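Subject: Structure handover and findings

Dear colleague,

Please find below the structure that I am handing over to you.

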Amino acid sequence: MLSFWEKESFLDYDLLIIGGGIVGLSTACSWKERHPQSSVLILESGVFPSGASTRNAGFACYGSAAEILHDINQMGESRALEMVEMRAKGLQLLRNRLGDNEIGYEEFGGGELILQAEDFDITAIPYLNGLLHPIFGKEVFVHDNSALAGFGFQSEHIRDFIGNRVEGQIHTGLMMKNLIACARSLGVEILTGAKAFKPEWINGKWRTALEGNTIEFNSERVAVCTNAFTESLFPGLDIKPGRGQVLITAPIPGLKLMGIFHFDEGYYYFRNVGERVLFGGGRNLAFGEETTLEMALNPAIQNALEMHLKNMILPPETHFSIEHRWAGIMAFGEEKVPILQSLGNGLVLGVRMNGMGVAIGSEIGKKLCDIMS
Ligand SMILES: Cc1cc2nc3c(=O)[nH]c(=O)nc-3n(C[C@H](O)[C@H](O)[C@H](O)COP(=O)(O)OP(=O)(O)OC[C@H]3O[C@@H](n4cnc5c(N)ncnc54)[C@H](O)[C@@H]3O)c2cc1C
């Protein structure tokens with residue numbers, strides 16, 4: 001039962017956003033930056049954002065050489081470059097909005113390990129550098145096997161090393177806390193533990209009910225930013241969940257590797273967090289099992305991560321222990337581009353971030369506001 005006061009003050013908004021991950025929060029910030037007087041409410045089903053945005057690896061990356069080459073083969077040069085550019089713009093917007101200190105941004109660069117069994121054609125590097133030069137204004141990739149020893153990798157498993165001069169890393173927790181703080185400072189209201197049902201268009205307004213509750217919100221516009229969790233609201237879209245497994249070690253004194261690294265076309269990714277190693281991936285070992293919304297560990301993949309750490313990433317005989325393990329849920333589809341769509345009457349979807357939402361999330365929020373405007 002609601003009071004008169006609650007009905008007067010808590011139920012009507014100009015913009016209602018479903019999903020409080022990086023895309024939902026960025027959409028809210030972009031909208032309030034443009035329309036400071038408007039009222040914006042985010043409904044988030046978790047106690048805090050509970051999909052991918054607080055669970056990722058924090059790579060501020062644009063795509064490894066093998067990944068970009070793969071994308072060019074799949075979707076053509078201009079679409080693949082569009083995605084790189086979207087990542088670059090998104091990261092710049094995130095850095096400008098919150099500040100490098102507030103997201104823990106560090107630009108150590110990184111690189112890609114091409115393993116012995118891979119058939120990546122190293123002569124493609126100048127071609128890729130030529131394509132990316134207009135975006136970054138410098139050579140992005142450098143083929144440099146001499147760098148391997150400096151990072152302490154066990155190089156007998158690695159055929160080539162492609163260094164990357166433009167990538168950085170963030171502290172995911174810090175970034176999300178400050179993005180929430182930024183949204184709140186702009187006047188955005190956020191309700192957590194608030195799982196929304198599909199909005200309905202009734203008498204010229206969107207009405208959105210909450211699961212397990214009688215409360216219904218009215219709004220002029222709705223932005224749906226539920227990424228992998230969109231199927232229950234809007235069934236039939238080309239969105240498949242993809243669970244990502246991650247582990248982090250206890251500090252390893254004298255750790256040599258610094259920066260962000262990928263191998264196996266980006267299916268594996270690791271980085272330093274101070275003197276720790278954060279390592280994730282291996283979804284390609286069990287695509288079927290990992291196509292799930294269940295937030296759980298997969299022991300086989302976690303073991304594979306540990307074996308790669310021991311046998312390739314850390315120098316031989318390095319003593320390490322795993323301090324923590326977790327999983328997060330990404331969203332993929334046949335096409336490696338996000339779904340940015342208006343469904344009419346001011347309802348928009350910004351979903352399917354394809355595992356690169358840290359990079360593109362801010363730009364997607366901006367684009368959703370363009371569509372709603
Ligand atoms: C392990 C892992 C590593 C990753 N590493 C990187 C990386 O290094 N770099 C990079 O760029 N990207 C990375 N990503 C991808 C990136 O984290 C995601 O693309 C991004 O966070 C997606 O943001 P989002 O806001 O679209 O979705 P989410 O963060 O999933 O947010 C959607 C939110 O909607 C909420 N929700 C769902 N249904 C409802 C409902 N009915 N009502 C209310 N709320 C609802 C969920 O609780 C969730 O908080 C990684 C992802 C994972 C899982």
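This is a predicted model: local features need pLDDT of at least 70, side-chain atom pairs count only at pLDDT 80 or more; totals for chains, interfaces and linings use all residues.

Residues are numbered from 1 along each chain as its sequence is written.

Domains

The domain assignment divides the chain into domain 1 (4–54 + 173–237 + 335–372) and domain 2 (110–168 + 239–332); such bounds come from an automatic or database domain assignment. Taken over C-alpha atoms, the centres of domain 1 and domain 2 are separated by 32 Å. Domain 1 brings 13 residues to the contact and domain 2 brings nine residues, where two residues are in contact if their C-beta atoms, placed from the backbone, lie within 7 Å. On the side of domain 1 that touches domain 2, six residues are nonpolar, five polar and two charged. In this classification Ala, Val, Leu, Ile, Met, Phe, Trp, Tyr, Cys and Pro count as nonpolar, Asp, Glu, Lys and Arg as charged, and the others, Gly among them, as polar.

Ligand shell

The ligand is surrounded by 42 residues, of which Gly21, Gly51, Gly244, Gly328 and Gly357 are the closest; a residue is near a molecule or strand if its C-beta atom, placed from the backbone, lies within 6 Å of it. By class, the shell holds 20 nonpolar, 19 polar and three charged residues. At least two shell residues come from each of α2 (22–34), β2 (40–44), β12 (240–249), β16 (322–332) and α11 (357–372). Helices (H or I, at least four residues) and strands (E, at least two) are DSSP runs, numbered from the N terminus. With four residues, α11 supplies the largest share of the shell. Domain 1 and domain 2 each contribute at least three residues to the shell.

Nonpolar core

In soluble globular proteins, nonpolar side chains tend to be buried together. A nonpolar core here is a set of buried Ala, Val, Leu, Ile, Met, Phe, Trp, Tyr and Cys residues joined through C-beta atoms within 7 Å. The largest such core has 97 residues, and Leu16, Ile17, Ala28, Leu179, Ala183 and Ala223 touch the most other members. The largest share of this core, seven residues, belongs to α11. The core lies between domain 1 and domain 2, because both give residues to it. Leucine 16 has contacts, leaving aside residues up to four places away in sequence, that include Leu41, Leu43, Trp206 and Phe217.

Strand pairs

Strands count as paired if DSSP finds at least two bridges between them. Strand β4 (residues 110–115) runs antiparallel to strand β6 (residues 158–164), with six bridges; isoleucine 114 has aspartate 160 as its bridge partner in β6. Strand β5 (residues 141–143) also pairs with β6 in the antiparallel sense, over three bridges, and there phenylalanine 141 is partnered by asparagine 164.

β13 and β14 form an antiparallel pair with four bridges, in which histidine 262 is partnered by tyrosine 269 of β14. β14 is joined in turn to strand β15 (residues 276–281) by six antiparallel bridges, and tyrosine 269 stands opposite glycine 280 in β15. The hairpin of β14 and β15 has two residues between the strands, and glycine 274 in it takes a positive phi near 60°. Five of the six residues of β14 are buried.

Single residues

A residue is buried if 20 or more other C-beta atoms lie within 10 Å of its own, exposed if 12 or fewer, and partly exposed in between, with C-beta atoms placed from the backbone.

Aspartate 264 lies in the loop between β13 (260–263) and β14 (268–273). Aspartate 264 has a positive phi of about 60° although it is not a glycine, and it is buried, with 20 other C-beta atoms within 10 Å.

Glutamate 317 is placed in the loop between α10 (299–313) and β16. Its phi is also positive, at about 70°, although glutamate 317 is not a glycine; this residue counts as exposed because it has 6 C-beta neighbours inside 10 Å.

Alanine 331 belongs to strand β16 and counts as buried, with 27 C-beta neighbours inside 10 Å.

Yours sincerely
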